[in-house]
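Please keep the sequence and the model in view while reading.

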Amino acid sequence: MENNEKKTEQMRVDQVVKRIDKKIISTDEELNRAHAETKKVQQTYSDNTSVNYFEVDDRIETSAELQQQRGLVSRLTENESILKNQLSTLKDLKKSPYFGRIDIQDQGDTEPEKLYIGIASFENEDGEFLVYDWRAPISSVYYNGTLGEVSYQTPIGEQKTTLKKKRQFQIVDGQIRNMFDTNETVGDEMLQSALGEQTDQYMQNIVATIQHEQNDIIRDTTSNLLVVQGVAGSGKTSAILQRIAFLLYHSRDTLEADQIILFSPNKLFSHYISEVLPSLGERNMRQVTFDEFIDNRLKGLNVQSLFERYETDGTLTEQQRYVRAFKESAKFMDELQEYCDNLSSSQIFFSDIIFNDTPFFTKKEISRIFDSFPKAAKIYDRFLQTKNALIKQLKRRIDDETKATWVNDEIDQLSNEKYHDLLSGKALGEFQNEDDERFYIARKIVASRLRVVYDAIFNDNFFDAYLQYADFLKTVDLPQNIKQPQWQQTIDEFSQSIEFHSIKLDDCAPLLYMRDYMCNSGQNNTMKYLFVDEMQDYSVAQLKYLRYAFPQTKWTLLGDSEQALFKDVEQPEEILNKLNSAFHVRRSRLISLMRSYRSTLPITDFAKSILPNGDDIQAFNRPGDIPELILATDFTDGIKQLERVITKQRKHYQTVAVLTKNMTEAEQVYKQLHAKGDVTLLKDADRTLPSGLLVLPIYLAKGLEFDSVIAWDTSEKNYPDENLLGTLYTIITRAMHHLTLISLGDVTPIIANSTLSNSKIKIEKKIQK
Ligand SMILES: Nc1ncnc2c1ncn2[C@@H]1O[C@H](COP(=O)(O)OP(=O)(O)OP(=O)(O)O)[C@@H](O)[C@H]1O
C-alpha cells in the first residue's frame with residue numbers, strides 16, 4: 001500500500017489517541033471525585049451504625065436513615081465502578097483504537113463514508129463516532145461483507161449499502177504496524193499474526209479477526225436452540241465469549257451479565273477465559289461446572305464427579321455401558337416423568353417431619369393431606385397445596401404453643417436488650433396492650449424454635465426422593481439389551497450408595513428431575529441465556545434437567561463430537577435431532593465450524609489423519625514443525641526422553657504441558673519430574689492455570705491450549721482401541737505450536753501405519769540412552 005496512505009492513517013490514529021488521552025484525564029478526575037464522595041458517605045454511614053440505640057422509636061428512625069444511606073452508598077459505588085470500567089476501556093483503546101475500516105456509500109450519497117471499528121465506541125465532543133463498537137449493527141458489514149452491495153440488520157429492519165473498501169489494521173501502542181485492504185472477511189495475514197503469537201495463561205479476545213461463520217454464531221439473536229458443532233480449535237469457545245459480549249451490547253437495556261450462565265468443562269477453564277469479557281469492557285457471566293451445579297443441589301450427598309467417572313470408565317463391562325446409556329437417555333427421563341404423573345398418594349414415599357426426636361407431622365397425616373386435593377390436578381400442584389396446608393397447620397400450632405409455660409418462662413428471663421431485639425421493626429404503640437406485645441414476642445420465640453419444622457416443609461423434606469427413585473427403577477420399562485440381573489444390581493448399588501451418602505453421576509439428573517418436578521421447585525426463571533461448552537460430555541438426560549432448571553433461557557450448545565472422551569462419536573445432525581425431539585423447541589439452528597485455527601498446519605494434518613472423517617477438517621495454513629513420535633523402551637527410558645524433550649521445548653516456549661490419559665499417570669510422571677525441577681501437577685480442584693511446565697490429565701485440559709504439548713505414553717498398551725480415539729485426538733489438538741508423542745513400547749493402532757509412513761509425523765526410533 002502507498003506510503004502516503006499509511007502516513008494519513010497514522011495521522012488519524014494520532015489524532016484519535018490525543019482525544020482518547022484527553023478523555024482519560026477527564027474520566028480520571030471524575031473517578032477521583034466519585035471516589036471521594038463514596039468515602040465521605042461511607043464514613044457517615046459507619047459513624048451512624050456504631051451508635052447504640054435502645055429506644056424502639058429511635059431505632060426505627062435510625063434504621064430508615066441507614067436504609068437511605070445504604071442505598072446512596074450502593075449507587076455511588078456503582079457509579080464508581082462504571083467510571084473505572086470506562087477508564088480501563090479507554091486505556092485499551094489508546095493502545096489500539098481500532099482494527100478495521102469500512103468505506104460505505106448509501107444510495108443517493110455522492111461520497112463514501114469512512115467508519116473505523118474497534119473494541120468499543122468512542123465519540124468526540126460533537127457526538128461524532130471516531131470509533132464504532134465492533135458490535136454495532138453497521139460493524140457486521142466488516143465481518144460479513146465482501147465489496148459491493150451489502151445488507152445489515154438494525155433495530156428498524158434490514159438496511160442496504162455499498163461496501164467500497166475494507167481495510168485492516170494492526171495497531172500496537174498507538175503505532176500502525178500493519179495495514180492492508182482486503183475483500184475477504186478478515187485477511188489471512190492478520191490471522192497469521194494473531195495465531196503465531198505465544199499464548200499466556202489467558203484466552204484472548206478475537207474481535208479483530210472474527211471469521212464469517214463465527215460471526216453467524218456471535219450475532220444470532222433469533223434461535224432458541226443454537227447448536228455449534230466445531231472441530232477442535234475452530235473457535236467455539238471464542239465464539240461463545242464474543243457472543244456473550246454481543247448479546248450484552250445488543251440487549252443492554254434488558255440483559256445483565258448475571259442472567260447468562262455458562263456451563264464450563266472444568267475449573268481451570270473458568271480462569272483461562274476470565275479475561276476475555278473484561279478486555280471488551282463487559283462483566284463476566286455466571287460460570288459453573290456441571291459437577292458444582294449438581295453438588296449444590298444435592299447437598300449432603302457425595303456426588304461422583306465427572307473426573308472420578310473418567311478414571312473408572314475404562315473398566316466398564318458391556319452391560320454396565322448399556323445401563324449407563326439407558327439412564328442417560330431422553331427415554332429414561334420421559335418414563336420418569338410419566339411415572340411421576342401417574343403416582344397415587346399411597347405410592348408416594350412421604351416421610352415424617354421430626355421435631356425433638358418425635359414426629360411433628362407423620363407421613364400418614366401428610367399423605368392424607370395430599371390425598372385431599374383433587375386427583376385430576378398435576379402432581380406438582382398437589383405437592384404445592386400439601387406444602388401450603390402443612391405451613392398453615394404449623395402456624396396454627398405455633399399460635400397454640402405460645403401459651404405453653406416454657407414460653408412464658410423464657411420471656412421472663414429475656415434481657416432488656418434481647419427483648420428489644422425481638423421487637424425490632426415494630427413501633428412502640430403498635431400494640432393494643434401488654435398482652436398483645438407479649439403474644440408477639442412469644443410467637444417469635446416459638447417460631448424460632450420450630451424453624452426446623454418450617455425448613456423441613458419448605459425444603460420438601462417430607463418426601464423421600466431416594467426411596468421414590470429406587471421404586472421408579474424397579475418399575476421402569478427396560479430396553480432389550482439390558483438383562484434383569486444387571487438391572488437389579490444397579491438398583492441395589494443405588495440404594496447402598498445412598499446409605500453411604502453418595503451417588504453416581506448418571507443417577508443425579510433423573511433423581512433431581514424427579515424431586516424438583518414432583519415438588520415444584522428447583523427452577524430459576526431469571527436466567528435468560530444458557531451456554532454449554534463441550535456439550536459432548538453431557539447426556540441428554542442432563543441437558544433435559546438443565547432445560548427444566550432454567551425454563552426461560554435461550555440455549556447455545558457447543559461441542560465437538562470427536563472429542564468425546566471414552567464414548568462413541570455422534571454426528572452433529574444426530575445430536576440436533578435428538579435435542580430437538582427431547583426439548584420440543586421452536587427455531588433451532590445448527591452451525592458447523594470446520595476450520596481449525598489453534599494448531600500449526602503439520603499438527604492439524606496429523607490430528608486429521610487419526611480421524612475417520614478427518615479430511616473434512618480444514619487446516620489453517622500456519623507453518624510449524626512436524627510432530628514427533630518417540631518410541632521409548634520402558635517407563636524409565638520414557639521419563640529420560642521426556643526430560644530431554646522438556647529441556648528443549650522450554651527454551652522456546654513459556655508453557656509446556658505434559659498431558660496424560662488419567663490422574664494416575666499424571667501423578668507418576670509428576671513424581672519423576674518433580675525430583676528434578678520446577679513443575680506443577682494440576683488437580684481437579686485447581687482454579688488457576690500457571691505457566692511453565694505443567695502435568696495434567698486430559699480431562700482437566702479440555703478447552704485449553706498450550707504452546708507445546710507432550711502426549712505421555714501413546715502406546716498400544718495404553719490406547720488399545722478406537723474407544724480412546726476421542727481422548728487421543730483431544731490431547732493432540734491442545735498443541736498450538738509444537739507436539740511430541742512419547743510411547744512406551746509399540747505405538748497405538750489408532751495412529752495408522754499409513755500416517756506413520758507418510759511423513760505426517762517424525763518418528764524417532766533410536767533410543768538415546
Ligand atoms: N477468528 C479468530 N481469530 C483469531 N484467533 C482465533 C479465531 N478463532 C479462533 N482463534 C484461536 O484459535 C484457538 C482455538 O479457539 P477456541 O479455543 O475458541 O476453539 P474451540 O473450538 O473451543 O476448541 P476446542 O474444542 O478444541 O477446545 C484460540 O487460540 C483462539 O484464540
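## Terms and basis of the model

A residue is called buried if 20 or more other C-beta atoms lie within 10 Å of its own, exposed if 12 or fewer do, and partly exposed in between, with the C-beta atoms placed from the backbone. Helices (H or I, at least four residues) and strands (E, at least two) are DSSP runs numbered from the N terminus.

The model is a predicted one, in which local features need pLDDT of at least 70 and side-chain atom pairs count only at pLDDT 80 or more, while totals for chains, interfaces and linings use all residues. Residues are numbered from 1 along each chain as its sequence is written.

## Overall make-up

The protein has 769 residues, of which 36% count as buried, and its secondary structure comes to 28 helices and 26 strands. Taken along the principal axes, the C-alpha atoms fill a box of roughly 95 × 75 × 60 Å.

Two residues are in contact if their C-beta atoms, placed from the backbone, lie within 7 Å. Among the contacts in the protein with a separation of 6 or more, 74% are accounted for by residues 24 or more positions apart.

## A covered helix

Helix α27, which runs over residues 725-732, is mostly covered, with 8 of its 8 residues buried. These buried residues are Leu725, Gly726, Thr727, Leu728, Tyr729, Thr730, Ile731 and Ile732. What covers them includes the helix α24 (601-609) and the strands β21 (655-660), β24 (706-712) and β25 (735-744).

The loop between β24 and α27 holds Asp713, a residue other than glycine whose phi has a positive value, near 50 degrees. Asp713 counts as buried because it has 22 C-beta neighbours inside 10 Å. Asp173 also has a positive phi near 50 degrees, and its place is in the loop between β6 (157-172) and β7 (175-181). With 9 C-beta neighbours inside 10 Å, however, Asp173 counts as exposed.

## The annotated binding site and the ligand

An unreviewed UniProt entry places the feature "binding site" at Gly230, Val231, Ala232, Gly233, Ser234, Gly235, Lys236 and Thr237; UniProt positions are given in the numbering used here, feature names are shortened, and annotations may be inferred rather than shown by experiment. Gly230 lies in strand β8 (residues 225-230) and is buried, with 23 other C-beta atoms within 10 Å. Leaving aside residues up to four places away in sequence, Gly230 touches Gly235, Lys236, Leu558, Asp560, Ser592 and Leu593. Gly235 is in the loop between β8 and α6 (236-250), and is buried as well, with 25 other C-beta atoms within 10 Å.

A residue is near a molecule if its C-beta atom, placed from the backbone, lies within 6 Å of it. The ligand is surrounded by 23 residues, the closest being Thr209, Gly235, Lys236, Thr237 and Ser238, and the elements giving two or more residues to this shell are α4 (188-196) and α6. For the classes, Ala, Val, Leu, Ile, Met, Phe, Trp, Tyr, Cys and Pro count as nonpolar, Asp, Glu, Lys and Arg as charged, and the others, Gly among them, as polar. By class, the shell has 7 nonpolar, 12 polar and 4 charged residues.

## A helix crossing

The axes of helix α19 (residues 465-475) and helix α21 (residues 505-519) come within 10 Å and cross at roughly 115 degrees, where axes are lines fitted to C-alpha atoms over the stretch in contact and angles run from 0 to 180 degrees between N-to-C directions. The contact is made by Ala465, Gln468, Tyr469 and Phe472 of α19 together with Leu511, Met514 and Arg515 of α21. These contact residues divide into 5 nonpolar, 1 polar and 1 charged.

Asn3 lies in helix α1 (residues 3-49) and is exposed, with 7 other C-beta atoms within 10 Å. The C-alpha atoms of Asn3 and Ile731, which are 728 residues apart along the chain, are separated by 46 Å.

Phe293 has its place in helix α9 (residues 290-297) and counts as partly exposed, with 18 C-beta neighbours inside 10 Å. Phe293 and Leu546 are 253 residues apart in sequence and 9.9 Å apart in space, C-alpha to C-alpha.
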